[in-house]
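Please consult the sequence and the structure shown here while reading.

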Amino acid sequence: MAQTLTKPVLLDETGQDIADKLDDIKDAIISSSGDFVPLLIKVTTPPTKTNYIAGETLDLSGLVVSLLGSNGATFDITSVCTFSPANGTTLASGTSSVAISYVYPKDSLTFTTSLEIVVKALTSIAVTTPPTQTEYIIGDELDLTGIVVTATYDDASTSVVTSQCTFDPDDGDILTTNDQAITISFTEGAVTETTIA
């Protein structure tokens, strides 16, 4: 008499057919493939201001930080991020970045990124081009036409700051015997530098 062989059935500890259980898991993976899974955060729009003079306060206006997910979705999470240093903090020379962190509430996962900024301090000023006229007779008016004053910063960068300087005596002043040199001052942030011309 011929026997009919039946396919063995494997059960898990709950009594469910393992083959059926694997099919259920597969279906769950397929059906959830479009769900949002957070991958990383990134600065998608930098703030309006990224260059500072020491003593200025951090201004993150315009900054957009986004959370990117596995399904291609992107969310603006700027308002729920933590920043170090915080917005409004007085910046010190040498500060080069702002650390950004975000905690994804569903899984309490922490994501981090950073924003690069430049914070520099004034170190000196110098007359890099003298005025056209340098010789006067007592009673003449001082003429500073052509003078160029350049500021140097602690990162070795320079900037022409002539129009922001104060001069003593000033352009147009009547010269006396006491006026043998021009004192030039420039203030930026909390630093004032002076030179003589």
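The sections below describe a predicted model, taking each patch together with a sheet.

Strand E1 belongs to an open sheet of three strands, arranged in the order E1-E3-E4 with antiparallel pairing. E1 and strand E4 (74–76) are the edge strands, as each of them pairs on one side only. From one strand to the next, the twist averages 30°.

The pairing of E1 with strand E3 (residues 64–69) is antiparallel and extends over six bridges. Val43 has Val65 in E3 as its bridge partner.

## The negative patch and its loop

Which residues form the negative surface patch? They are Glu141, Asp168, Asp170, Asp171 and Asp173. Glu141 is placed in the loop that runs between strand E9 (122–129) and strand E10 (148–153).

## The sheet containing E9 and E10

Strands E9 and E10 are found in an open, three-stranded sheet with the order E9-E10-E11 and antiparallel pairing. Its edge strands are E9 and strand E11 (158–160), each of which pairs on one side only. On average, neighbouring strands of this sheet are turned by 25° against each other, direction ignored.

Six bridges join E9 and E10 in the antiparallel sense. Thr129 has Val148 in E10 as its bridge partner.

Notes
Residues are numbered from 1 along each chain as its sequence is written. This is a predicted model: local features need pLDDT of at least 70, side-chain atom pairs count only at pLDDT 80 or more; totals for chains, interfaces and linings use all residues. Side-chain values use heavy atoms; hydrogens and water are left out. Two strands pair if DSSP finds at least two bridges between them. Helices (H or I, at least four residues) and strands (E, at least two) are DSSP runs, numbered from the N terminus. Axes are lines fitted to C-alpha atoms, for helices over the stretch in contact, and angles run from 0 to 180 degrees between N-to-C directions. Patches are made of residues with over 30% relative accessible area and no salt bridge: like charges are joined within 9 Å, nonpolar side chains (Val, Leu, Ile, Met, Phe, Trp, Tyr) within 5 Å. Accessible areas come from the Shrake-Rupley method with a 1.4 Å probe; for residues, only the protein chains shown count as cover. A salt bridge is a side-chain nitrogen of Lys or Arg within 4 Å of a carboxyl oxygen of Asp or Glu. Lys and Arg count as positive and Asp and Glu as negative; His and the chain ends are not counted. The place of a charge is taken as NZ of Lys, CZ of Arg, CG of Asp or CD of Glu.
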